[in-house]
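Okay, everyone, thanks for coming.

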Amino acid sequence: MKKKKVLVACGAGIATSTVVNNAIEEMAKENGLKVDLVQIKISEVSSHVDTADLLVTTAMTKTEYPFPVINARSFLTGIGTEDTKKQILEALKA
């Protein structure tokens, strides 16, 4: 299985994306998945379009990308986190 490039984005690329980044890193280790996590601002996603496999974000985006986009606000609220984790794992295993 090839290493997947996962963009982890929030508005500023600092606080909330760090929470999500750590959670994805932990999930990848637990499931034996190879990921390259790139923590960015949502405004920087377009510069990674050609190389990314997945975008996980706590920010709002209406832009269409050639890879799955998963809303990760549940990591901040604590509501629906398991469903979000399941979506991320499914995207990483695809």
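**Helices, sheet and side chains**

Let's start with helix 3, residues 81-93, which lies across strand 1, strand 2, strand 3 and strand 4. Helix 3 runs at about 165° to strand 4. Oh, and keep in mind that what you see is a predicted model.

So what is the order of the strands in the sheet? It's 2-1-3-4, in an open sheet of 4 strands with parallel pairing. At the edges you'll find strand 2 (35-41) and strand 4 (69-71), each pairing on one side only. On average, neighbouring strands here are turned by 25° against each other, ignoring direction.

Now zoom in on strand 1. Strand 1 and strand 2 run parallel and are joined by 7 bridges, and if you look for K5, you'll see D36 of strand 2 standing opposite. With strand 3, residues 54-57, strand 1 (residues 4-10) pairs in the parallel sense over 4 bridges. There, V8 has V56 as its bridge partner.

Helix 1 is the next stop. Helix 1 covers residues 15-30 and lies across strand 1, strand 2 and strand 3, at about 155° to strand 1.

On to the side chains. How many salt bridges does a search of the whole structure find? It finds 2. One is K2 with D53, where the closest N and O atoms are 3.4 Å apart. K2 sits in the segment before strand 1 and D53 in the loop between strand 2 and strand 3, so this pair ties together parts that are 51 residues apart in sequence. K2 is exposed, at 55% relative accessible area, while D53 is partly exposed at 22%.

K85 and E82 form a salt bridge too, at 4.0 Å from N to O. Both of these residues lie in helix 3, 3 residues apart, which is about one turn of the helix. E82 counts as exposed at 57%, and K85 as partly exposed at 26%.

Last one: the structure holds 1 aromatic pair. The ring centres of Y65 and F67 are 5.4 Å apart and the planes are at 5°, so we call the pair stacked. Are those two buried or exposed? Y65 is buried at 15% relative accessibility, and F67 is buried at 7%.

Terms used:
Residues numbered from 1 in each chain as written. Predicted model: local features only at pLDDT ≥ 70, side-chain atom pairs only at ≥ 80, totals over all residues. Heavy atoms only, no water. Pairing = 2+ DSSP bridges. Helix = DSSP H or I, 4+ residues; strand = E, 2+ residues; numbered from the N terminus. Axes fitted to C-alpha atoms, helices over the stretch in contact; angles between N-to-C directions. Contact = heavy atoms within 4.5 Å. Phe/Tyr/Trp six-rings, centres within 6.5 Å; stacked < 30°, edge-to-face > 60°. Buried < 20%, exposed > 50% of the residue type's maximum accessible area, 1.4 Å probe, protein only. Salt bridge = Lys/Arg side-chain N within 4 Å of Asp/Glu carboxyl O.
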